[in-house]
Amino acid sequence: MLKLIDTGIENTVGFSIEGKITKEDMSLVLSAVKEKGEQHPHLFLYEEIESIGGLEFRAMLQKLSFLWETGFSNIRKIAIVSDKRWVHTVVDIEDRIFRGIQMKSFDQHEKPAALAFLQQRA
């Protein structure tokens, strides 16, 4: 399940992930990303990952279609909050691959630091 989170940062889409991600969940988040992206030239993402119990195939197709149409061009920073070690490893790898996007992972108790990271000037 994906649930939107209000971060208090105007150009940021925040959401939490817990359990299986459905097509409906993905629609909710992608709509928010598209709407914020139309309003702001630089977009930030804030993610809290409790657990990931899978991704419906339709949700994955929807995400890929969105990325094909929209891409990552306006996403500048991503902060991921999770106590899962493997999430931190994936974020480190993705940060090296997607050089135009600053990505950083934080433990659950570091939520204020994650939000501060998004607010820092690059």
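**Exercise 1.** Determine whether R85 is buried, partly exposed or exposed, and identify its salt-bridge partner.

*Solution.* R85 has a relative accessible area of 52% and is exposed, where exposed means over 50%, buried under 20% and partly exposed in between (1.4 Å probe, protein chains only). This is a predicted model, in which local features need pLDDT of at least 70 and side-chain atom pairs count only at pLDDT 80 or more, while totals for chains, interfaces and linings use all residues. Residues are numbered from 1 along each chain as its sequence is written, and side-chain values use heavy atoms, with hydrogens and water left out.

The next step is the partner: R85 forms a salt bridge with D107 at 2.5 Å, N to O, the term requiring a side-chain nitrogen of Lys or Arg within 4 Å of a carboxyl oxygen of Asp or Glu. D107 lies in the loop between β5 (102-106) and α4, whereas R85 belongs to helix α3 (residues 85-97), so the pair ties together parts that are 22 residues apart in sequence. Helices (H or I, at least four residues) and strands (E, at least two) are DSSP runs, numbered from the N terminus. D107 counts as buried, at 19% relative accessibility.
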